[in-house]
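Student: Please take me through how this chain is packed, one question at a time. I would like each term to come with its cut-offs.

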Amino acid sequence: KGYLLVHAAAVSKDNQAYLLEGRGGVFKTTLAMDLVRRKRFQFMGDDRVIGYRDKILSFPLHHLLFTFRVKHLPTEEPRDLLDKFRLVKYIRGNSKYANPAIKIADFSTLGALVSILKTNKKEISVREVDLKEVVNRLVRSIKMEMVYSPRMMGINFGRYLKYMLAYSFVFPKSRVASYWDDLNEKLEDIFEGTPIYEIEIPEKYTLSTFQEILKTIGVD
């Protein structure tokens, strides 16, 4: 039906969605946290969101975890064992409440795609990046999530990918066999004409890192 599950974080402001793409550990969650608490962005998703035409739809699967991080942690990583204990206590104490403590945007028009890489350089660097290159990177990331993601909600993603490969071998002309090519094509359609930023972030994330990123993506 044209709805695509994308491995990325996303936030929204003024009905403009900022998609934050990157492998685990590149600070995309930390960046989303700072945009929410320092610039009053709305949360859309920390790990996965849904793309449809020129829109991004929210998929706030871990909103309690994200809310705790926004309220109590400087970055996405717990500082010590006490933080982990407080996290478990927070989730257990708030899991019954339907209304989240942070604002969540249901959907927004796609405003920009920010591809994040971690580097050993001391300063942020930005470069122009080809649409196909970013889309190929996104597809690889989705495949890796299928292989390495833990079992959630009764779905083991690793087994599903193996099923897709086996089914494609037996039925090479099926929609399952053409899934990844179709995904590439549809993602290119979604991001066509969208501002794309590739940002290399130093291994140590600081407030000045966040401020430099704001300048790069044109956020006041």
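Student: Leaving aside its neighbours within four places in sequence, which residues is Leu187 in contact with?
Tutor: Leu187 is found in helix H6, where helices (H or I, at least four residues) and strands (E, at least two) are DSSP runs numbered from the N terminus. This is a predicted model, in which local features need pLDDT of at least 70 and side-chain atom pairs count only at pLDDT 80 or more, while totals for chains, interfaces and linings use all residues. Residues are numbered from 1 along each chain as its sequence is written, and side-chain values rest on heavy atoms, with hydrogens and water left out. If contact is taken as heavy atoms within 4.5 Å, then the partners of Leu187 beyond four places in sequence are Leu4, Val6, Val135, Leu138 and Val139.

Student: Does Leu187 count as buried or exposed?
Tutor: Buried means under 20% relative accessible area, exposed means over 50%, and partly exposed lies in between, using a 1.4 Å probe and protein chains only. Because the relative accessibility of Leu187 is 0%, the residue counts as buried.

Student: How far apart in space are Leu187 and Gly2, C-alpha to C-alpha?
Tutor: Along the sequence, Leu187 and Gly2 are separated by 185 residues. In space, the C-alpha to C-alpha distance between Leu187 and Gly2 is 9.9 Å.

Student: With which side chain does the side chain of Glu188 make a polar contact?
Tutor: Glu188 is also placed in helix H6 (residues 179-191), and it counts as buried because its relative accessibility is 18%. Apart from neighbours within four places in sequence, Glu188 is in contact with Leu131, Lys132 and Val135. A polar contact is a pair of N or O atoms within 3.5 Å; within protein, one must be able to donate a hydrogen and the other to accept it, and residues adjacent in sequence count only if both atoms are side-chain atoms. At 3.3 Å, the side chain of Glu188 has such a contact with the side chain of Lys132.

Student: How many aromatic pairs does the structure hold?
Tutor: Rings of Phe, Tyr and Trp (its six-membered ring) pair if their centres lie within 6.5 Å, with planes under 30 degrees apart counted as stacked, over 60 as edge-to-face and the rest as tilted. The number of aromatic pairs in the structure is eight.

Student: What kind of pair do the rings of Phe27 and Tyr205 form?
Tutor: The two ring centres are 5.5 Å apart and the planes meet at 40°, so the pair of Phe27 and Tyr205 is tilted. Phe27 lies in the loop between strand S3 (16-21) and helix H1 (28-39) and Tyr205 in the loop between strand S9 (196-202) and helix H7 (207-217), so the pair ties together parts that are 178 residues apart in sequence. Both Phe27 and Tyr205 are buried. To return to the kind of pair, Phe27 and Tyr205 are tilted.

Student: At what angle do the planes of Phe68 and Tyr90 lie?
Tutor: The rings of Phe68 and Tyr90 have their centres 5.7 Å apart, and the pair is tilted because the angle between their planes is 50°.
Phe68 lies in helix H2 (residues 63-72) and Tyr90 in helix H3 (residues 81-94), so parts 22 residues apart in sequence are tied together. Phe68 is buried at a relative accessible area of 2%, and Tyr90 counts as buried at 14%. The plane angle asked for, between Phe68 and Tyr90, is 50°.

Student: Which elements do the buried residues of H2 pack against?
Tutor: Seven of the ten residues of H2 are buried, so the helix is largely enclosed by the rest of the structure. Among them is Thr67, at 1% relative accessibility, which touches Tyr90, Ala101 and Ile102 when residues up to four places away in sequence are not counted. The elements against which the buried residues of H2 pack are H1, strand S4 (42-45) and H3.

Student: What is the phi of Asp14, which is not a glycine?
Tutor: Most residues other than glycine have a negative phi. Asp14 is placed in the loop between strand S2 (9-13) and S3, and it counts as exposed because its relative accessibility is 69%. Its phi is positive, at about 55°.
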